Amino acid sequence: MPEYIPAGDLIAFTSAVVLTILLLVLTLRAAKLPGAPKANVVFAACALAWSLGGLLRTIFQAVGLPNTATLSTSAKALQLTGAAGFPLAVLLVWRQFAAEPRQQRSVRVVIWCALISFVGVSAMLWRAALHSPREATVVHAAVILLAGAAVSLRRATMPRVVYLTSLVIVICIAGAAISIPVSNRIASNFVLEFAGAHLILVVILCSFFLFARFRYADVFVHYGMRIVLAGVWATLLTFFMQSSLPLLFATHLHSPGAAHIFLVVLTAIGLLLSFTFVDERLSAALNRRLFHAPNYRVAAHAVAESLRAAPTEAEVLAALERGARDSLELSNAQVFAVDTIEPGILPAATLDGQTAELDPTARWQPMSGAEALIPITSNARVSHIFAVAPGAGRPGLVSAALDYLRGIAAQCGHRLDAIQRERDAVERESREALLLQHVAEAELSALRAQIHPHFLFNSLNTIADLIVRDPTRAEEMTLRLARVFRHVLAQLRQPLITVREEIAFLETYLHIEEARFGDRLRVHIDLDPEVAASDIPSLILQPLVENALKHGIGPKPGSVQLWISARAHGPFILLTVEDDGMGLEARPQALPEQPHGVGLINVAERLKTLYHDRASVRLEPREGGGARAIVTLPRAGSDQS
């Protein structure tokens, strides 16, 4: 047998020991999860026993210890005991996939037979009662696994990865059962010897695919691939160092020893540089193939975009469910409001914000096949529970998938908080707008109430004067005044009227004033049909007309004229009251550009309350004498920004 086989054994068994220690640690950690089968731990323990026993045997062989020594036989017994326990662990895993009652009964019978056979074979191994214990162990494993496969393996009831992996394990064990006896009869066939002894390592690599609910399978793949690649690279380097190829090349050079070392170092550097490249791509390919793993970064970004685009809470939760199902190929994913779940049913860890694993045998299940409950925190509390079920068509969820689900659940919580803040802001703005509206209405009511007694006082003075001079006209003016005040009372609860209605009211009001001025007052009214139906504040022109009559027209002797107009001016309405009376010099002003007098101040304040800085009133001199008052208002439907 070539001398590099012990070196290959050392590398292979060392890699296997590291792998199985990692596997045992992860399975012990996973065994703490609810519903995780304990067969996983049995499997990892058997793998560790096989690998550790093989490593010890190889070390003892390397130091020259005879195969008949106690340490060597004990190491061999440890190794073969682990191999004998493999079938029992595999059967315990297969049992959960036996769906029919007949299958379940058959599996139980095979498991009991496997347990009895394992105890018997293990006892004989440690007592060294068998002349060829290795052959007996492999035959025991092959028979048990073939019987278990016959009654358990059903493509229709098992995930594809579990079914295919189970077939590989059965084939490897059967291959070992065939190769080891053949290699014993053919002494020179070291390839069969090596393959038969290390087919169990292939079984170890395949074993974790059988584990139901093994959350850390992706972690095992990530680190396991590195361990395996390191072993393979070390084996390649060892074969290259001990092969004749570099020696043949080095003999033709001036310094063969230095050339041989240079070639070995160069090969080692090449293997090291290629390690990361191969590791990353192989791990990514295995993750995609074995665990249906997407590109988590891209998937999380897509889910975040859909969450941001959802305007309501229901659409946000639907986007989360849809994103999880599509990206991870889940059979089901649903969000439940915590308030709708009966108190005391949810795990305490979930209400504390931690992901909870679901026990398949638990009394309460949110939906069929649910494996995990992921809390969604919004408004500083767990408001929803995100339940996910992988389904029978894909492997169970692994740690990377759970991290991804926790991430998008956190994004969902942030979006729910944002929607709540938006809703609160809208409600706050609505309350503020309503409050401002009430304040504005109160101000307008007070301002309009201020006009009424002022207007009534002036009208009654006119009627009192007529009673002395012309009782008949005084009676007529009293009736007109009644009509005017019916109009005023009708507008008490209506802050806006049309321009046409305001002009009609002014005509009635001016009929009363004609009794005081007689024939010397001439009134001109110009109403643009384009603005006749536009809304303006009620009684907005009467104070301006009264101001013109009192300060401009009244003190001037002779005939006087009053012009009233309403017309469109782009996005505004211009209301103009002008006279040819005494002019602005006869009108006192309290402040620059601030008209004095109750009526004009009232108009300015009402415009400010209703329109803020989008409306104005100003007084200016009129060409040819007199004064002009101009009110500028925004038209309804125009751009008022």
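In helix α3, the residues Ser 74, Ala 77, Leu 78, Leu 80, Thr 81, Ala 84, Gly 85, Leu 88, Leu 91, Leu 92 and Arg 95 meet Val 107, Val 110, Ile 111, Ala 114, Leu 115, Phe 118, Val 121, Ser 122, Leu 125 and Trp 126 of helix α4, where contact means heavy atoms within 4.5 Å. The model is predicted, so local features need pLDDT of at least 70 and side-chain atom pairs count only at pLDDT 80 or more, while totals for chains, interfaces and linings use all residues. Residues are numbered from 1 along each chain as its sequence is written, and side-chain values use heavy atoms, with hydrogens and water left out.

The contact of α3 with α4 comprises 16 nonpolar, 4 polar and 1 charged residues (Ala, Val, Leu, Ile, Met, Phe, Trp, Tyr, Cys and Pro count as nonpolar, Asp, Glu, Lys and Arg as charged, and the others, Gly among them, as polar). Helix α3 spans residues 70-95 and helix α4 residues 101-127; their axes come within 10 Å and cross at roughly 175°. Axes here are lines fitted to C-alpha atoms, for helices over the stretch in contact, and angles run from 0 to 180 degrees between N-to-C directions. The two helices are therefore roughly antiparallel (angles over 145 degrees; under 35 count as roughly parallel, 65 to 115 as roughly perpendicular and the rest as oblique).

On the α16 side, the contact is made by Glu 502, Phe 505, Leu 506, Tyr 509, Leu 510, Glu 513 and Phe 517, and on the α17 side by Gln 542, Val 545, Glu 546, Leu 549 and Ile 553. These residues divide into 8 nonpolar, 1 polar and 3 charged.

Turning to the strands, Ile 374 lies in β3, which covers residues 372-378. With a relative accessibility of 1%, Ile 374 counts as buried (under 20% relative accessible area; exposed is over 50% and partly exposed in between, with a 1.4 Å probe and protein chains only). Beyond its neighbours within four places in sequence, Ile 374 is in contact with Thr 355, His 384, Ile 385, Phe 386, Val 388, Leu 405, Arg 406 and Ala 409. Ala 409 is 35 residues away along the chain, and the C-alpha atoms of Ile 374 and Ala 409 are separated by 7.3 Å.

Thr 576 is buried at 4% relative accessibility, and Glu 578 is buried with a relative accessible area of 15%. Not counting residues up to four places away in sequence, Thr 576 touches Trp 563, Ile 564, Ser 565, Arg 567, Arg 628, Ala 629 and Ile 630. With that exclusion, Glu 578 touches Gln 561, Leu 562, Trp 563, Arg 622, Ala 627 and Arg 628. The side chain of Glu 578 makes a polar contact with that of Arg 622 at 3.1 Å and another with the side chain of Arg 628 at 3.5 Å. A polar contact is a pair of N or O atoms within 3.5 Å; within protein, one must be able to donate a hydrogen and the other to accept it, and residues adjacent in sequence count only if both atoms are side-chain atoms.

Over the protein chain, there are 18 helices and 13 strands (DSSP runs numbered from the N terminus, H or I of at least four residues for helices and E of at least two for strands). Of the 641 residues, 46% are buried.
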